[in-house]
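Student: Please show me how to read a model like this, one feature at a time.

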Amino acid sequence: MRVASIVFPSPLPQLDKVFDYTIPEALRNDIQFGVAVRVPFGSSKTLKIGYVIAIEDSSVYEGELQELVELVSPNSVITKEQYDLAKAVASRQAGIVGELLAVCVPKRSARADLKHRSRQSELSKNLSNETKNSVPIREFITPGIFNSEKPIHWTHIFIERCRQVISGGESVLVVVPDFRDIEVFEEALERSGLTDSALRQISSDSVVNRWENHLLAIAKSGVIIYGTRVACFAPCQNLGLILVWDDVDESHHEQGSPYWNSRDVLLQRSELENSSIVFCAHSPSSEISRLIELGYLRHADVSKSKPLVRITESNQRLDTESFALISKTLTEGKPVLIQVANIGFASALACVSCREIQRCSVCQTSLWLDPARELRCRNCKKVHEQLCVCGGKTYRAISMGSHALSEQLERSFPKANVQRNTGSDRLTKVEAQSALVISTPGSEPAVQGGYAVIVLADAQIMVGYPRLRALEQASQKWANAISHLAETGVVIAVGLSGELANQLKVADFTGIVRADMLERSELGLPPSCRILSVTSKNHNDAVAVKSKLNELTDLTSVPTAISTTVAYSYSIANGGRVATDVRQVVESVSKTSKHKLPGQRVLFINMDDNKVI
DNA sequence: AGCACGCCGACT
DNA sequence: GTCGGCGTGCTC
């Protein structure tokens, strides 16, 4: 008797295990690892789709086995490496393997399946099983900062690495934050004639295209598989190298359960598949900074020259020199970029009783209340112990309007061609002669030849966001804006002072993030530990969860602003145990919850919450 | 998810 | 007496 072990791509915790089925004689030769099959399940009339993840001679299951009914398609739809990754990520994130299987295998297109079968014979020769010839490398690369097509641009670094690896018959996995990066990477692929060796995996592609590329990625090695974060789980034969662009970007974080992010998934994947991994960014995440500090990643800075950065300490107005520079640039018809903060984003702490914004007495930056309840200035690093002037000592996060500076500039240069880019409209490029571009962080449009002047108008507001990752995120947003600078251009950063200003003057973003990371490490905050959050749909469950989690000795409670969310910090080394324990607690609470809604989960576990503090 | 099994209220 | 409410639990 032959037995096939099946897993289901379902988010239900009850189905999060392997089910065994006997293989009928007629299908004996067709059943192989990763094929999709239809099986009877429970008392359901309809057959359920599952993936074969093992073929054995017997089963450990005590009861009587059912027989699997049919093959969905002759193509294998998931690889062993994908399944192992899904298991590893699920166990790390206290999630369900099935919900990650749904990321591993995109929606099937029968048409693409048929098309694939017709060319199967020529593809099968293509698959090389060569063992990897080199020791895996782990690197963080800082590319050149200027808007240029020179070898220091990140896409050129990526293309060169890709070329090397695929010529050796191995595949490369490239993961970037969003559609803008896909666009620039595809342009680079086109220029270098590698388009035919590349397969795209992005969630917005059509079902047919995704499925076709999915099957090709399973069938071929020596290809470039590239995409946004869903590509982290894409099949790759003979994976030699993983390339990650700008890992700190929010788009690398999955917003739904189990809240995985590209960096952690791909680090796991590189370990599992013994492949090289290279992170590349103008400004790293604090996690990458920590891995550099630990010696896990080697830092390579390939930027040749640094931009000219002027610092204006006053956040009220530009100094006359800066003003004159902008004026001159605009009259010459050259483009100027003004980066303004996102509006409506919590950007300061106000006293609950008198609504006064809490500011640093030295530099006027708004203060952050860390989990130890200390008021901290991210700009000049001073820790403040004073109460609010009114005597109040409780604070609430409020959003301040964007800085008046951009409007002032707009008024000062009425003849300038003003282009606003809010981020909702997908403007990725502007004409070189369009002079004054106002944009929120992360959506700066590219301009041919680069901007002559870039003003970081709300630098102080961005530093003052009352959250843990304010500084590393500000650093990334500045660095990415500055990457659009013309080689002869000038950057003007408004409202910064002290060490931070000095670091920005020499565009030392890695240094800014490192200093922040070390400071957080001393305070016992991430990335030297991890933060767990559990959010409940109702108050009673939140109380039940809290009392159970409080008993776990690996966890240290962290205050949160929302009563239905509990948060804990835990050591990275205990991650595995914490995930198992948390999963158990959550399961028992979900089971006994009196507030279950059909089809809706009661609790949301985030093993790496980067927003709760 | 489905679907059955099981134990309490108002119905021909 | 039984039809049916949906709480609980299982599915290889």
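**Reading the fold**

Tutor: Strand 28 (residues 556-558) and strand 29 are joined by three bridges and run antiparallel. Strands are DSSP runs of E with at least two residues, helices are DSSP runs of H or I with at least four, and both are numbered from the N terminus. Two strands pair if DSSP finds at least two bridges between them. One example here is V558, whose bridge partner in strand 29 is A567.

Student: How many residues does the hairpin between strand 28 and strand 29 pass through?

Tutor: The hairpin passes through six residues. Strand 29 (residues 565-571) also pairs with strand 27 (residues 529-536), in the antiparallel sense and over seven bridges. In that pairing R530 has Y570 of strand 29 as its bridge partner.

Student: What should I know about the model before going on?

Tutor: This is a predicted model, in which local features need pLDDT of at least 70 and side-chain atom pairs count only at pLDDT 80 or more, while totals for chains, interfaces and linings use all residues. Residues are numbered from 1 along each chain as its sequence is written, and chains are lettered from A and ligands numbered from 1 in the order in which they are written.

Student: Is strand 29 mostly covered or mostly open?

Tutor: Burial is a count of neighbours: a residue is buried if 20 or more other C-beta atoms, placed from the backbone, lie within 10 Å of its own, exposed if 12 or fewer, and partly exposed in between. Strand 29 is mostly covered, with five of its seven residues buried. In chain A, buried residues make up 47% of the 613 residues.

Student: Which helix holds V578, and which residues does V578 touch?

Tutor: V578 is part of helix 17 (residues 575-592). It counts as buried because 23 other C-beta atoms lie within 10 Å. Contact means that the C-beta atoms of two residues, placed from the backbone, lie within 7 Å. Not counting residues up to four places away in sequence, V578 touches L532, D554, L555 and Y570. Y570 is also the residue of strand 29 that bridges to R530. V578 and R290 are 288 residues apart along the chain, and their C-alpha atoms are separated by 21 Å.

Student: What can contacts say about the whole of chain A?

Tutor: Take contacts in chain A between residues at least 6 apart in sequence: 74% of these join residues at least 24 apart. Chain A has 17 helices and 30 strands, and its C-alpha atoms fill a box of roughly 85 × 60 × 40 Å along the principal axes.

Student: How many residues are in the largest nonpolar core?

Tutor: A nonpolar core is a set of buried Ala, Val, Leu, Ile, Met, Phe, Trp, Tyr and Cys residues joined through C-beta atoms within 7 Å. The largest has 80 residues, and A86, L173, V174, I225 and C280 have the most contacts inside it. Helix 5 (residues 154-167) gives the most to this core, with seven residues. A second, separate core has 54 residues, including A341, A435, V455 and A493. As for A86, its contacts beyond neighbours within four places in sequence are V97, L100, L101, C104 and F233.

Student: What is the strand order of the open sheet of six strands?

Tutor: The order is 5-2-1-4-3-6, with mixed pairing. Strand 5 (66-67) and strand 6 (70-76) are the edge strands, each pairing on one side only. Strand 2 (residues 19-22) pairs with strand 5 in the parallel sense over two bridges, and Y21 stands opposite Q66 of strand 5.

Student: Which residues are around DNA strand C?

Tutor: A residue is near a strand or molecule if its C-beta atom, placed from the backbone, lies within 6 Å of it. Around DNA strand C are Q14, L15, F19, D20, Y21, F41, G42, Y61, G63, L65 and Q66. Strand 2 gives the most to this surface, with three residues.

Student: Which backbone angles deserve a second look?

Tutor: Most residues other than glycine have a negative phi, and most peptide bonds are trans. Here the S257 to P258 bond is cis, with omega near 5 degrees, and P258 is in the loop between strand 11 (239-245) and helix 8 (262-272). P526 and P527 are also joined by a cis bond, with omega about 10 degrees; P527 is in the loop between helix 15 (509-522) and strand 27. Q364 is not a glycine, yet has a positive phi of about 70 degrees. R373, also a residue other than glycine, has phi near 70 degrees.

Student: Is R373 buried or exposed?

Tutor: R373 counts as exposed because it has 9 C-beta neighbours inside 10 Å. It is in the loop between strand 17 and strand 18 (375-376). Q364 is partly exposed, with 19 other C-beta atoms within 10 Å, and lies in the loop between strand 16 (346-351) and strand 17 (368-369).
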